[in-house]
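Subject: Handover of a structure, with notes

Dear colleague,

I am passing on the structure below, and the notes that follow it describe what was found. Please read them with the coordinates open beside you.

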Amino acid sequence: MKFKVPDLLISVLSTAFGIDLNNPEIKKLQPYSKTLSQVSTGLKKITVRSEFLSQNYLEKSDIRSAYLLYYTPINMVKIFYPLGELLPQIKNKSNLNVLDIGSGLGAMSVGLCFWNEDNLNTTFDITAYDQSAHALKDFSELFTSCKFSHQLKTVTAPIGGTMDDCYDLILAGNLLNELSTDEEGAFESYLDQNLSEEGFAILIEPALPETSRRLLSLRDRLLQKGFFIYAPCFTNNPCPALVKSTDWCHHAMAWERPEYIRLLDEMIGHVKKTLKFSYIIISKNDHHLADHLLGSRDSQNQFRIVSELFKEKGRYEFFGCNDHGWCSCQVNKRDLTDENSAIENLIRYDTIEIQNYKSEKNRIKIDKNTVVKKITQ
């Protein structure tokens, strides 16, 4: 399944920028490419990121404009995938109290509202919390232009303030990437104090090694504090991706890249044919995605795929994750049967169940007697 930027959002952005983004002219996009290159370097390059972030970059109008045009549509599509996994938990809710913390220009909330139109019939009371008053103003204008029927309240404050309300859903997109160690501790406190007992939090970070590992480290700390992982993990053990300093874990989601983003990608040297990101969904209650996919969970036989499918000469290999840790799952092509042929079409972050396999250390051997069932929604 490929996800796409909603037509309405592209229409709203076309009007706001005075550019037909469905049939874009390169010369009208060029003024934004230089700024986007600077933003990309500032957010990704470790040696300059601290200085870039200290400037509170969303207070600058040229950066906000470029970010709204390019990053907001990209980031909002990312939330569709974890929301799809969370659907069984929220599909019967008539109203959700939502906190978008470090909201910036509102990609997470805007994505939630668009996803809701196709998947739910729910209303939201959204509180957007960010240190940039200018970003929140632009977010409010975008929200109004999209004609959402939900309620939006904005709060201008740095991470570290206090909030009295409890929320059914907390969203945080690309937040850890921009927090100091002290601010990260304050964010953990928000989750502890402001997530309702039956609520969920969706945390999404860039698929960069450093930021992904930071999210996974937060995952482990939250587990120690009594939180539960709803998705994507099929284990509540310490994250196996943190065992080696060179590993991290991320999704690579298929999407329909808008033409104007493809052109901007060419100008700034990006390749966003897939959307790569790391995410976790957490709760204070012991809920898990497997409860809804299969009716029960089995952390020995149910796996999350954490790699591509490697098609080697005479063999298929992929890596799965559950209580076994990260496991190399292998099958010789001569051992493929109707019962295990689902392997041939696996993609990263699929969920599968494997029965009747042989386990050797961190290796799962699949043979003619093995049953492989793809259980992804």
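Which residues of α5 are buried? They are F80, Y81, P82, L83, G84, E85, L86, Q89 and I90, where buried means under 20% relative accessible area, exposed over 50% and partly exposed in between, computed with a 1.4 Å probe and protein chains only. Because nine of the eleven residues of helix α5 (residues 80-90) are buried, the helix is largely enclosed by the rest of the structure.

Before going further, please note that this is a predicted model, in which local features need pLDDT of at least 70 and side-chain atom pairs count only at pLDDT 80 or more, whereas totals for chains, interfaces and linings use all residues. Residues are numbered from 1 along each chain as its sequence is written, and side-chain values use heavy atoms, with hydrogens and water left out.

The chain as a whole

The chain holds eleven helices and 17 strands, both taken as DSSP runs numbered from the N terminus, with helices being H or I over at least four residues and strands being E over at least two. For 377 residues a compact globule would have a radius of gyration near 21 Å, and the chain agrees with this at 21 Å; the radius is taken over C-alpha atoms, and the globule rule is 2.2 Å times the number of residues to the power 0.38. Along the principal axes, the C-alpha atoms fill a box of roughly 60 × 50 × 45 Å. Of the 377 residues, 55% count as buried, and the accessible surface comes to about 16700 Å², with 46% of it belonging to carbon and sulfur atoms; these areas come from the Shrake-Rupley method with a 1.4 Å probe, and for residues only the protein chains shown count as cover. Among contacts between residues at least 6 apart in sequence, 75% join residues at least 24 apart, a contact meaning heavy atoms within 4.5 Å.

Around Y279

Y279 lies in strand β9 (residues 274-283) and is buried, with a relative accessible area of 2%. Leaving out residues up to four places away in sequence, Y279 touches Y81, P82, E85, L203, I204, L215, A231, P232, R304 and Y349, and among these Y81, P82 and E85 are buried residues of α5. The side chain of Y279 also makes a polar contact with the side chain of E85 at 2.6 Å; such a contact is a pair of N or O atoms within 3.5 Å, where within protein one must be able to donate a hydrogen and the other to accept it, and residues adjacent in sequence count only if both atoms are side-chain atoms.

P232 is 47 residues from Y279 along the chain, yet their C-alpha atoms are separated by 7.4 Å. P232 is found in the loop between β7 (228-231) and β8 (251-256), and the peptide bond from A231 to P232 is cis, with omega near 5°.

Y349, found in the loop between β13 (325-332) and β14 (351-355), is buried at a relative accessible area of 2%, and its phi is near 75°, a positive value in a residue other than glycine. A positive phi, of about 65°, also occurs at N356, which is not a glycine either; N356 is found in the loop between β14 and β15 (358-360) and counts as exposed at 53% relative accessibility.

Strands β5 and β6

Strand β6 (residues 195-206) has ten of its twelve residues buried, so it is largely enclosed by the rest of the structure. Six bridges join β6 to strand β5 (residues 167-173), and the two run parallel, pairing being assigned if DSSP finds at least two bridges between two strands. Within this pair, I170 stands opposite A201 in β6.

D220 and the cysteines

D220 lies in helix α9 (residues 209-224) and is buried, with a relative accessible area of 14%. Its side chain reaches the backbone nitrogen of C239 at 3.1 Å, and, leaving aside neighbours within four places in sequence, D220 is in contact with N237, P238, C239 and L242.

With a disulfide defined as a pair of cysteine sulfur atoms within 2.5 Å, the count comes to zero disulfides. C249 is in no disulfide, the nearest cysteine sulfur, that of C239, being 6.3 Å away. C249 is buried at a relative accessible area of 12%, whereas C166 counts as partly exposed at 38% relative accessibility.

With best regards
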